[in-house]
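Reader: I am new to reading protein models. Could you walk me through one?
Author: Gladly! Let us look at it together.

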Amino acid sequence: MPGIFEGIKVLDLTRVIAGPLCTQYLADMGATVYKVEKPGEGDDTRRMGPFLPDDSGNPSNDSALYLAYNRGKHSITIDIASPEGSRLVQDLAAQCDVVVENYKVGTLARYGLDYPTLQARRPDLVYCSVTGFGQSGPQAARAAYDFILQGQAGLMSTCGHPDEVPGGGPMRTAIPIADITTGLNACIAVASALFHRLRTGQGQYIDASMLDSSVALNGHLALGYLMTGDLPQRMGNTNPIASPSEVFRCSDGYLIIAAGNNSQFEALCKVLGCPQLTQYPRFRSNAARVQARRALRRELAPLMLHNSCAHWLVRLEAAGVPCGPINDMADVFDNPQVQHRGIAIRMPHSRGVNVPGLRSPLDFSATPVVHRAAPMLGEHTAQVLQQEMSYTDAELQDLRSKGVV
């Protein structure tokens, strides 16, 4: 079956994670994505290991990071800083429905690859700029890094243990959450703009900012501050609105328990052999338990240590108490539900090997995703230039000799 965006062509002028994730989702949905990379170097993530071995068994520039965010694309190597290269990419953009870029504000105007220039040739173009701080404002020219945005957007102020406990302090997420959220929002915006174009024939410009996405990610914590002026505090693994809802240590590891109402708390206490706790006034309601959280933990924590995670997990689940393990990656992919969902996949790669991948979370009944591995650097340069712009072998060789492609 054809994908939802079958026939849509995307010029991908992005690097690292946020922009590439956006265009990867478009590729998942059937769009043809032309990723422009610098000759001889490619996307920065090609130099961030671990790496897929080449034919000689040595590390290649097909890294796990690159493979993770560039699935299903066509890699073409063009030096956009050269006059011939910039003109070549301008011509390619005129053949595309969408352009996604994540250069610093104003950079692409030097090469005639900014929205006004390209839109003059293709009036219905959908053009998305992914930047750290947006196209205007006092910080618009600043470079963007996920770690920096996690701090500046307030995310780290609410992530981590309180200062007064061991190991307390602000904490970043292990995954680049600012990048990923921005990439997802950019993809939603592009898909919506294409729908608008379908109805009106009009293209448009999208200003996708990591700051905007990251601040919005604060959600109810931000709204709580705007309503009350009270700063949300770091609570570690403790749920601030329910108790007991936190991580407990067992004899062989850790278990999450999230008892959010009285019936769940009663069931928990019965399983742990402490039903008398439900009669204590300070534990009779969720609101009371939130206020007496530390006292309640002092009662429950020693009991959890008596048995293993598996022991408690079986009994708590049977009693209807929300709970779950803290899996490492090996545990994740050993999980029968993960295996049933087919999340871990293998795809043929152009190096002649099958590479691991993650199935796209987009799961359509009528337009299923076709998974294709990320490309080798410059793998499709000749193919794309010949098909899209009718370049001859001699013209391609001339461009190669000049270092343009």
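**Salt bridges and a pocket**

Author: This is a predicted model, and it holds 20 salt bridges.

Reader: How far apart are the closest N and O atoms in the salt bridge of lysine 35 and aspartate 43?

Author: Those atoms are 2.9 Å apart. Now check accessibility: buried means under 20% relative accessible area. Lysine 35 has 0%, so it counts as buried, and aspartate 43, with 1%, is buried too.

Reader: Are glutamate 41 and lysine 38 buried or partly exposed?

Author: Glutamate 41 is partly exposed at 38%, and lysine 38 is partly exposed at 46%. These two form a salt bridge as well, with their closest N and O atoms 3.8 Å apart.

Reader: Which parts does the pair of arginine 122 and aspartate 97 tie together?

Author: Their side chains meet in a salt bridge of 3.0 Å, N to O. Arginine 122 sits in the loop between helix H4 and strand E7, and aspartate 97 in the loop between helix H3 and strand E6, so the pair ties together parts 25 residues apart in sequence. Both residues are buried. Elsewhere, salt bridges with shared partners join Glu37, Arg46, Asp62 and Arg351 into one network.

Reader: Which residues lie nearest the centre of the largest pocket?

Author: Ala68, Tyr69, Phe333, Gly357 and Leu358 do, out of 28 lining residues. By class, the lining has 23 nonpolar, three polar and two charged residues.

Terms used. Residues numbered from 1 in each chain as written. Predicted model: local features only at pLDDT ≥ 70, side-chain atom pairs only at ≥ 80, totals over all residues. Heavy atoms only, no water. 1 Å grid on protein atoms, 1.4 Å probe; cavity = no way out; pocket = protein on both sides within 12 Å on 5 of 7 lines; lining within 4 Å. Nonpolar A, V, L, I, M, F, W, Y, C, P; charged D, E, K, R; others polar. Salt bridge = Lys/Arg side-chain N within 4 Å of Asp/Glu carboxyl O. Buried < 20%, exposed > 50% of the residue type's maximum accessible area, 1.4 Å probe, protein only. Helix = DSSP H or I, 4+ residues; strand = E, 2+ residues; numbered from the N terminus.
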